[in-house]
Amino acid sequence: MIRPEVTSFFDEATNAVCHIVRDPGSMACAVIDSILDFDMASGTISQTSADAVLAEVARQGLTVEWVLESHVHADHLSAMPYIAERAGAKMGIGSRIDEVQRVFGKVFNAGTDFQMDGSQFDALFEDGDTFAIGGMTARVIHTPGHTPACITYVVGDAAFVGDTLFMPDFGTARCDFPGGSAEVLYESIQKVLALPDETRLFLCHDYKAPGRDEFRWETTVAEEKAANVHVGGGKTRDEFVAFRTERDAKLGMPKLILPSIQVNMRAGRMPPPEDDGETYLKIPLGRMSGL
Ligand SMILES: [Fe+2]
C-alpha cells in the first residue's frame, strides 16, 4: 500500500484545511481544497494562503499535476485557478457539479455565459473513477449528503473526505444546503468507514471541540468508527438522521457562503467584469432562505 506524504495548511480565518498529497516515489503531487483569502468587509482578495502552498511545492521541488476540490465550498473561496495556472496543473471536481451550478446559477442570475455543465473544470470525476498522481492511483468515491457533488479522494492509505466526517469529537457536516440530505450523508459515511481501519482520513475543516484546544484534521477510519460523536460507536441511521436534521435547523448560514458559492461554482474564477471593467460579487436578497 502506497503511503503518500501529506502536508496540510490550516486557515484560521475559515477553519478550512488545504492538503498537498505527494507521491513518495516521485516529485508529483496534487493540491486538494485550496484557499483564496477574502476579506468580506473590504472586498479584498489576497493569495497569502495559496502562495504558502506554492512556496512549499517549490521548497520540496514538486510538480503539481492536479488541483482538486472535494466540493463547492460554502465557507471559503477556492484558489484553484490561481494555483493551477502557476503550476501548470489540471483542475478536477465531482461530476455532479452541474447540479450545484444549476441551483446557484439561478440564485445569482449568473447569465447566459455561465455554463452549467462543469466545463470550467478539466476533469469531472464519476464515482469509481481513477486517475494518476505520479506513480500513485487516486480513486474517487462519490460521497454526497453535505452537497450533491461531494466526493472523497482515496490515494494509497489516505482518504481526503471533504465535508463528510469531521474529527471524531466534532462529528459530521451539515446537510441542509440545496441537494443535501442527512440520509444520503449517512450512506456516504458508511462508504468511507468501509475503507480499511488504518486508512488515514484527512479532513476539510476543524473547529476544535469541547475539551480540545488545538486544531486537528487527521484521524483514521478506526477512530471514526469507534468514537465519532454523530455516527460512531454503533449509532443507527435513524439516530443520526434525527440528530442531524434537528441540529441543521438551528444553524445559521456560513459567513462567506454568498461570495464563496458564486466564485467556487465557476471553478474559483470571478464573475466576468461589468461594463466599467470592474468585477463585482452579488448579494441576492431573500434567495437563500427558500432553498
Ligand atoms: Fe462544505
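Predicted model: local features only at pLDDT ≥ 70, side-chain atom pairs only at ≥ 80, totals over all residues.
Author: Residues are numbered from 1 along each chain as its sequence is written, and side-chain values use heavy atoms, with hydrogens and water left out.

Reader: Why is histidine 71 called buried?

Author: Buried means under 20% relative accessible area, exposed over 50%, and partly exposed in between (1.4 Å probe, protein chains only). Histidine 71 has a relative accessible area of 1%, so it counts as buried. Histidine 146, at 5%, is buried too. Across the protein, 54% of the 291 residues count as buried.

Reader: What makes His71, His146 and Asp163 donors of the iron ion?

Author: Donors are N, O and S atoms within 2.8 Å of the metal (3.2 Å for Na, K and Ca); water is not among the atoms, so sites may look incomplete. Here NE2 of His71, NE2 of His146 and OD of Asp163 coordinate the iron ion at 2.1 to 2.4 Å. Their spacing in sequence reads H-x74-H-x16-D. Histidine 71 sits in the loop between β6 (63-68) and α2 (80-87), and histidine 146 in the loop between β10 and β11 (151-155), so the pair ties together parts that are 75 residues apart in sequence.

Reader: How do you know that β9 and β10 pair?

Author: Two strands pair if DSSP finds at least two bridges between them. β9 and β10 (residues 136-142) are joined by 4 bridges and run antiparallel. One example: isoleucine 133 has methionine 136 in β10 as its bridge partner. The strands themselves (E, at least two residues) are DSSP runs numbered from the N terminus, as are helices (H or I, at least four); the protein has 7 helices and 14 strands.

Reader: Why are β9 and β14 said to stand at the edges?

Author: The open sheet has 6 strands in the order β9-β10-β11-β12-β13-β14, with mixed pairing. β9 (130-133) and β14 (218-220) each have a single partner strand, so one side of each lacks a neighbour in the sheet.

Reader: What makes the protein as compact as a globular protein of its length?

Author: The radius of gyration is taken over C-alpha atoms, and the globule rule is 2.2 Å times the number of residues to the power 0.38. The protein's value is 18 Å, close to the 19 Å that the rule gives for 291 residues, so it is as compact as a globular protein of that length.
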